[in-house]
Amino acid sequence: MSTIEDLKTENLPRHLAIIMDGNGRWAKQRGKLRIFGHENGVNAVRKTVENCAKIGIDFLTLYAFSTENWKRPKLEVDTLMKLLVSTLKKELATLNKNNIRLNSIGNVQALPNKVYLELQEVMAKTKSNSGMTLTLALNYGSREEIKQAVRCLASKVKNNIISPESIDDTVINSHLYTHDLPDVDLLIRTSGERRISNFLLWQIAYAELYFVDAFWPDFSEEHLVSAILSYQNRERRFGKISEQLN
Ligand code: IPE
Ligand code: IPE
Ligand code: MG
């Protein structure tokens, strides 16, 4: 079994993003309601966050609720929102203990007020932490993010604040929710699905992808380490050829 100690510290993904999928199926396998899976998913979040901080990951981004997830049954959405509030409350101390700064991406203002306020509070109370940045993607959709960036840029051009020629990668980046995050190096998705589901489309342009069959509540230190070991054994060429890299 691989453990954190097996990882080379010099070639870690700087930004790790995870699509935490499979809570519902995990619960169904046990003859329980989907929400039981979400409750158990929280334990995997806690373990993964602590392990990533221990490994020395600088940026961890977790996909927790998508713009499409509102389409789920109301009871599931409501319970997920309640779970978010209680988890944020409970985890504040752990975040501070581990020197982790909480950040969020997505249209968070449109979340239920209780969730929004709790999120703001935990972000404010962890903002001076200098270790890992933990970003929660909440009411996040990559198309929505790109749409609002394009709208903002279009209006700046219309009002002669910027010229169309000045719109480059850096300018586009600075209009995304992720403006203060580096590009994703490694993207993990659990549950065996091999799709992106509207997550960080711009930011994963050159990310390494890693798919795990385990459902999210079962995602363990071993899975995490295996994903990073796989990342460390890959050659990231960014369009070049092997011989050009050193
Ligand atoms: C991921 O698990 C958690 C959220 C999307 C909130 P799912 O709830 O999607 O579980 P499955 O994929 O239906 O098993
Ligand atoms: C993606 O999972 C969203 C989150 C993990 C929050 P979904 O379960 O919503 O994705 P699809 O619908 O299976 O693509
Ligand atoms: Mg799912």
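I204 is buried in this predicted model, because its relative accessible area is 12% and buried means under 20%. The residue sits in the loop between strand 5 and strand 6.

**I204 and its surroundings**

- Leaving aside neighbours within four places in sequence, I204 is in contact with V184, L187, I196 and F199.
- One of these contacts, L187, stands opposite L209 in strand 6.
- I204 and A17 are 187 residues apart in sequence, yet their C-alpha atoms are 9.2 Å apart in space.

**The chain as a whole**

- Along the sequence, the elements follow the pattern β-α-α-β-α-β-α-β-α-α-β-β-α.
- For 246 residues, a compact globule would have a radius of gyration near 18 Å, and the 19 Å of this chain agrees with that.
- Taken along the principal axes, the box filled by the C-alpha atoms is roughly 55 × 50 × 35 Å.
- Of the 246 residues, 46% count as buried.
- Among contacts with a separation of 6 or more, 77% come from residues 24 or more positions apart.

- Strand 5 (residues 186–189) and strand 6 run parallel and are joined by 4 bridges.

**Strand 1**

- Strand 1 is mostly covered, with 5 of its 5 residues buried.
- In a regular strand the side chains alternate between the two faces of the sheet.
- In strand 1, H15, A17 and I19 point one way, while L16 and I18 point the other way.
- Strand 1 runs parallel to strand 2 (residues 59–66), and 5 bridges join the two.
- Within strand 2, T61 is the residue opposite A17.
- Strand 1 also pairs with strand 5 in the parallel sense, over 4 bridges.
- The bridge partner of I19 in strand 5 is R189.

**Helix 3 and helix 4**

- Two packed helices are described by the angle between their axes and the distance between the axes.
- The axes of helix 3 (residues 74–97) and helix 4 (residues 113–125) come within 9 Å and cross at roughly 10 degrees.
- Helix 3 and helix 4 therefore count as roughly parallel to each other, a term used for angles under 35 degrees.
- From helix 3, the residues that take part in the contact are M81, L84, V85, L88, K89, L92, L95 and N96.
- Helix 4 meets them with K114, V115, E118, L119, V122 and K125.
- By type, the residues of this contact between helix 3 and helix 4 divide into 9 nonpolar, 1 polar and 4 charged.

Methods: Residues are numbered from 1 along each chain as its sequence is written. Chains are lettered from A and ligands numbered from 1 in the order in which they are written. This is a predicted model: local features need pLDDT of at least 70, side-chain atom pairs count only at pLDDT 80 or more; totals for chains, interfaces and linings use all residues. Side-chain values use heavy atoms; hydrogens and water are left out. Two strands pair if DSSP finds at least two bridges between them. Axes are lines fitted to C-alpha atoms, for helices over the stretch in contact, and angles run from 0 to 180 degrees between N-to-C directions. Angles under 35 degrees count as roughly parallel, over 145 as roughly antiparallel, 65 to 115 as roughly perpendicular and the rest as oblique. Contact means heavy atoms within 4.5 Å. Ala, Val, Leu, Ile, Met, Phe, Trp, Tyr, Cys and Pro count as nonpolar, Asp, Glu, Lys and Arg as charged, and the others, Gly among them, as polar. Buried means under 20% relative accessible area, exposed over 50%, partly exposed in between (1.4 Å probe, protein chains only). The radius of gyration is taken over C-alpha atoms; the globule rule is 2.2 Å times the number of residues to the power 0.38.
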